[in-house]
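Hi everyone, thanks for coming. Today I'd like to walk you through one structure, a piece at a time. Have a look at it first, and then we'll start with a pair of helices.

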Amino acid sequence: TPLLGLEGVSYRYRGATADALDGVTLTVERGVSLGIVGESGSGKSTALSLLLGLVRPTAGRVVVDGEALNLADRRRRREFRRRVQVVYQDPYSSLDPRQRVDRIVSEPLVSLGLSRGRVALRSAVAKALADVDLDGDAARRYPHEFSGGQRQRIAIARALVTGPSVLLADEPVSALDLSTRLGVIALLERLKQEKGLTVVMVSHDVSAVAALCERIVVLKDGRLVERGATREVLDRP
Ligand code: ADP
Ligand code: ADP
């Protein structure tokens, strides 16, 4: 069974006159990273919000392990939040500048109910920072002390700290300069290999998608217009 998917999902924002997503079906298989591409306004971010369970479909359903996503059940909600994590585009706005890095990275564990003083929490934070090649000293610093690429590593560490199986990434390198982009893409590639992480990446950056995603879907005006192996889709005229 697929890890995660949308089945005939439509979504319309409150007050909007058209669907932001219109009858979209897509699946994310374990170990098969998926790129969601399309022009600005095609519905990519909306699809990601649905996969994250941040908004509920107007029609259709979000499916997790073959079952409809059920965030009303507390135990299932915790399990889902542990397994599906997210990284956003802009590491300047996604990291709270007033919080120390260790506090930022531990936040998903705290929201799952671990208390801050716990040794397990501190070791999970240290491990997540090591996973993204930041040293132990980083934990005691603040986001402004880091470059854009390092900040995105901190955001990735925050996503990794729960030990997720799926990482949703919304334009994770678009806000970075070119040389930094390559480092972050290489990091995500390594995490896929070493941790078996499945990446779902929203991007208009075809080279980033080609490097990371085995499969691709193309959205246009809220509809899914193409899908397939990345190479094939990108080679189509
Ligand atoms: P991107 O293409 O990078 O997703 P957008 O310009 O589409 O950026 O959206 C930026 C933010 O504005 C998002 O949080 C999105 O939800 C919101 N947004 C986009 N379009 C509208 C709209 N028509 N009405 C209200 N909010 C919108
Ligand atoms: P993309 O991520 O591909 O740029 P979005 O999912 O952000 O596309 O947007 C899809 C459509 O939904 C666009 O027409 C956008 O203007 C609209 N939209 C996005 N966010 C909002 C919002 N908060 N309120 C109303 N319309 C929105």
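So, the crossing of α4 and α5 is right-handed, meaning that the near helix is turned clockwise from the far one by less than a right angle. The contact, which means heavy atoms within 4.5 Å, involves Val101, Asp102, Val105, Ser106, Leu109 and Val110 on the α4 side, and Leu121, Ala124, Val125, Ala128 and Leu129 on the α5 side.

A quick word on the background. This is a predicted model, where local features need pLDDT of at least 70 and side-chain atom pairs count only at pLDDT 80 or more, while totals for chains, interfaces and linings use all residues. Residues are numbered from 1 along each chain as its sequence is written, chains are lettered from A and ligands numbered from 1 in the order in which they are written, and side-chain values use heavy atoms, with hydrogens and water left out.

What about helix α6? Arg158 sits in this helix. Is Arg158 buried or exposed? Its relative accessibility is 14%, so Arg158 counts as buried; the cut-offs are under 20% relative accessible area for buried, over 50% for exposed, and partly exposed in between, with a 1.4 Å probe and protein chains only. Setting aside neighbours within four places in sequence, Arg158 touches Gln85, Ser94, Leu95, Ile104, Val105, Glu107 and Pro108.

Now to the inside. A nonpolar core is a set of buried Ala, Val, Leu, Ile, Met, Phe, Trp, Tyr and Cys residues joined through side-chain atoms within 4.5 Å. The largest one here has 42 residues, and Val105, Leu129, Ile154, Ile156 and Met201 touch the most other members. Which elements supply at least two residues each? Among them are α4, α5, β7 (166-170) and α7 (178-195). The biggest giver is α6, with six residues. In soluble globular proteins, nonpolar side chains tend to be buried together.

Leaving out neighbours within four places in sequence, its contacts include Leu34, Ile36, Ala169 and Leu212. A separate core of 27 residues has Leu21, Val24, Val62 and Val217 among its members.

Last stop: helix α1, residues 44-51. Seven of its eight residues are buried, so α1 is largely enclosed by the rest of the structure. The buried residues include Lys44, Thr46 and Leu48. Just after α1, Gly53 takes a positive phi of about 75°.

Terms used: Helix = DSSP H or I, 4+ residues; strand = E, 2+ residues; numbered from the N terminus.
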